[in-house]
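Work through the exercises below with the sequence and the model open. Try each task before you read its solution.

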Amino acid sequence: MRLLHYLAPLVPLALLPSIPARALDPARSIAQYQHSRWMWNTGVPAPIFQIVQGRDGHLWLAAGVGLYRFDALGFEKIEVEGSTESHGSAITVLAARNGDIWTWFARSGRFAVYRDGALRLVAAPSVDGQVTRMVETPDGAIWAGIGDLGQPLLRRHQGRWERVGADWGLPRDQLYGMVVATDGALWVSYINSVHRLAPGARRFQQMLATPEASGTLTADKAGQIWLSDKNGTRAVTGPGGVGPAPVVRFPYPTDRSLRRGRPIFDRDGNLWIALRSGGLERLRTPSPNGASSAAVAAAQIDHYRAEDGLTSDRTNKLLEDREGNIWVATSLGLDRFRPAAVAVEPLLTRPAAYGDILLGASDGSVYVAQADSVYRVAPGGRPEPYMTKTAEPEAMCEAPDRTVWTVFADRIVGRKDGTTHVLTHPRTETGVYDCAVDRRGDLWLTAAGNGMYRYRGGRWEAMFGPTDEARFHPTRMIADARHRPVVLWNPGTISWIDPPNRQSITVGTGKPIVRAFDETPDGLLVLGNFGLARVQAGRARLLPMARIPGLRGADGIVQTPQGDIWAMLTASVARITTRDFDKALSNGRYLPPVTVVDFHQGLPDRPTAETGRGIVHGGDGRVWFATQAGTVWIDPAKIDSNPVPPGVAITALTVGERRYRDPKTLSLPSGSPSIEIDFAALSLSIPELVKVRYRLEGVDQDWIDPGKRRQAFYTNLAPGQYRFQVIAANDAGVWNRTGAVVTFEVPPTFLQSRWFALLCGVLALLVAWLLFRVRLHQVANRMRRRLEERHGERERIARDLHDTLLQSVQGLILRFQAVANDMPGDAPSRQRLESALERADDVLEEGRDSVRILRARDNPGDLQQLVREMVASTLDPSLPVRVVVEGRPRAANPLAALEIARIGREALFNIARHAKARSVEINLSFGAKQLGLRIRDDGVGIPDEILARGQAEGHYGLPGMRERAEELGGSLSIDSTPGAGTDVSFTIPARLAYVGEERKGFGPFSWPLFRHAET
């Protein structure tokens, strides 16, 4: 193998993300990561050939059944827009920096790009083979690699495609790898060689000759290019992808197969390799200089296969997402490896019947007694067998001389520095609950209902007499710093035993129940139904359970030297810092925060504390827990919360049958009856704990919590502009408060438009006008009927006058005339009689005039003539009177004219009698809509008190005028200023005033239905 050296300037390393994500602890094996998988039988579009992460956080999958995107909750297929053709498998996928998603379909041989919510085909040169790799260089060029022998690369730049082959310096060989270095150079690997294209260059330079090595390429976070081939894995450049490779002592013996997926470095420096038939391979933090020996190199390699839980041993591609999760695409599904707070040790998965018994020894080691073996874990180490083929363990304790005693069901074994001591079992009925060794070296056992035992002088002796469950029922026991046994004497009492002395204390009030206790440098830490207490110098300081509800139900507790208090709960473990505990003891209002670690953080099963020895800490800071699946550990120093806020995307807006994908701004169809908005909160580590809030401004008063639902539904939205926003928080409570937004408009239908509202307004006005006309017509008819009734009464009176009174008077006149004729002509009595007869003729003529007036219907009223007659009959001829006529004179309704004349005569009478006027003006107005009569004088006016009362005392002229005006359906106004005269104005609608108007209508009012019926 030959390395071609070249010179190039060093370039700055790529900028790291502003928010560092959690990394995978390289000290752990792959099996100790939190592993989740999605199998083909759960809806996964297997096989999955490639996987990338889009700019919004979605995972994009090139799969055997097409292109999909994934939000860790569901898979969404993305179809080619406007195409009915079956394009087959999506073989490769690329997430471009501008947000575009590129893919290539095998059956149709077509490229497609997802942009602006649609996947569209892109015109490109024909491909002879399969496009297996796509990358993007810093200049925006898209490179496609064809995996078949002798095929050129394809390059698309500024919308133009070109083939890149021998004329660019590439061999006629089979492509195996492509990677873009931090300096912008494109590296490609073939079966027999490795080549580099410098930024801006048009010709590749061969960098390595690798005969039949079939190598794949990757770059670490320092920018060095690494090659994995049949000779192993090694760096082939300096940092930044430039300069010569360092001298490699021993390359790492990674997979030697000829077919493998592209390796990737995670952010913690581990190299992951997808093996086409061997599962998953990880190289733990490789050095560019290689390993110090072949054995060390081999020890740094870890495998994970289908037998360990991988969906398939045929792995295709790998991806590290923004949160530090490793994703594996396989032939049968999708796998995810993420940081786990809880580490499972494969050797510690055979728990004892009542739970593992743990011991934290004084040298920092941790001992774990399981069903048939005891293991020792040195600080920072892995479990190692300590005793094997043992019986069921019952208790474990350490003597002051560091002898570790283990109580089994059939014997008691003490071991120190390779020396073993075996004691007989006291054969208690209840079994042994716990053990401790005092400062004298005596071994103590608690046995609940069987009391306590002490091994001294080579024999067992029962201590403290018979038991009483309420008074003496010893169970849990430890040794304090003075090596005194500390015993849970009964459920609520703790005793310190230093024969012949015994000191006791009861923690809590009422009926306290102690669940666990632990000796700490600050005193005895006691946990119970009462809360958490610290006992110092015989005095207990208590933090009630009401102020630490997160520890309710806890059973098992330990305090670490690093300042953490850990407790075991029913389905989780919890942590409270010593600092917060002390603060809460001093401050009665402070509520200390509690951190909970549960199944989401890797806990394999429920914790178990039946033995009382289910939780300890080791000298390396790790805390060990017994669970129903075995013993696990947590490193508190490496419990990292997820600092990366989730990506938020609005994936679709659906109206009826129309679906808009990835909408930003939309104008929806008019009258959209219902709207469905789909969204995604793209935190891929623990999506089950992601919190989402959404609101539609102007509709939702506050943020809506949809729970696990990722959809919002709205119905009957009014026309207008709307803004829908989604925000989300990851599993650690880190919020993305900017979120995603879509604005859309719901245009009005015609029935919702302003034009329709205007039309309705016009129609309403028209209806109101029509109703007004109907009412006016009804009023006019009613007034006309009243006038007709009055006229009929007048005619009846006229007939009666004519047929009775006038006829009788006429008869009397004739008789008296006959008498007068018989009298001498010069008789004085005849002259008097003739004079009386002349007066009788005048009276008769006046009667006939009255009858004629009563029968005014037959003579249409001439208002001008009436006005002249009123003036002549009422006013002094010497008083100047000015009559003004406006409009075209029209014949008045006789009945109306009569009433108008009487109103006018009353007004003139008042002028003649009271006004002392110097002049009078009469205005007669013939309008199209109304008839008006106005009489003004310049006399003394009407006193204010008379105007206020409406009449003078004992006078009824003014009320009579108003009554006549109201009966006619007109209006009368009287304005007067003392010393300035009086203005009397009367108006009456044309329909009532003029001859013939009563039969006119407008539109429908001209129909017979609306006409007054004559009788």
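**Exercise 1.** With which side chain does the side chain of R155 make a polar contact of 2.7 Å?

*Solution.* First, the ground rules. This is a predicted model, in which local features need pLDDT of at least 70, side-chain atom pairs count only at pLDDT 80 or more, and totals for chains, interfaces and linings use all residues. Residues are numbered from 1 along each chain as its sequence is written, and side-chain values use heavy atoms, with hydrogens and water left out.

Step 1. Apply the cut-off: a polar contact is a pair of N or O atoms within 3.5 Å; within protein, one must be able to donate a hydrogen and the other to accept it, and residues adjacent in sequence count only if both atoms are side-chain atoms.
Step 2. The partner at 2.7 Å is the side chain of E162.
Step 3. The side chain of D139 also makes a polar contact with that of R155, at 3.5 Å.
Step 4. R155 is in strand β13, residues 153–157. Strands (E, at least two residues) and helices (H or I, at least four) are DSSP runs, numbered from the N terminus.
Step 5. Check accessibility. Buried means under 20% relative accessible area, exposed over 50%, and partly exposed in between (1.4 Å probe, protein chains only). R155 has 10%, so it is buried.
Step 6. List neighbours by contact, meaning heavy atoms within 4.5 Å.

**Exercise 2.** Which residues does the disulfide join?

*Solution.* 
Step 1. A disulfide is a pair of cysteine sulfur atoms within 2.5 Å. The structure holds one.
Step 2. C397 is joined to C435, with S to S at 2.3 Å.
Step 3. C397 lies in strand β34 (residues 393–398) and C435 in strand β38 (residues 434–437), so the pair ties together parts that are 38 residues apart in sequence.
Step 4. The angle about the S-S bond is -125 degrees, and the link of C397 and C435 is left-handed.
Step 5. Both C397 and C435 are buried.

**Exercise 3.** Which residues touch the most other members of the largest nonpolar core?

*Solution.* 
Step 1. A nonpolar core is a set of buried Ala, Val, Leu, Ile, Met, Phe, Trp, Tyr and Cys residues joined through side-chain atoms within 4.5 Å.
Step 2. The largest has 39 residues; L908, I911, L931 and I988 touch the most other members.
Step 3. Elements that give two or more residues to this core include α5 (863–874), α6 (894–915), β67 (930–937) and α8 (957–968).
Step 4. The element that gives the most is α6, with nine residues.
Step 5. Look around L931. Beyond four places in sequence, its contacts include L863, I900, F986 and I988.
Step 6. A second, separate core has 26 residues, among them Y694, Y714, L717 and F744.

**Exercise 4.** Is the aromatic pair of F111 and W161 stacked, tilted or edge-to-face?

*Solution.* 
Step 1. Rings of Phe, Tyr and Trp (its six-membered ring) pair if their centres lie within 6.5 Å; planes under 30 degrees apart count as stacked, over 60 as edge-to-face and the rest as tilted.
Step 2. A search of the whole structure finds 27 aromatic pairs.
Step 3. F111 and W161 are 4.8 Å centre to centre with 35 degrees between the planes: tilted.
Step 4. F111 is in strand β9 (residues 111–115) and W161 in strand β14 (residues 160–164), so the pair ties together parts that are 50 residues apart in sequence.
Step 5. F111 and W161 are both buried.

**Exercise 5.** Where is Q158, and is it buried or exposed?

*Solution.* 
Step 1. Q158 is in the loop between β13 and β14.
Step 2. Its relative accessibility is 74%, so Q158 counts as exposed.
Step 3. Q158 is not a glycine, yet its phi is positive, about 55 degrees.
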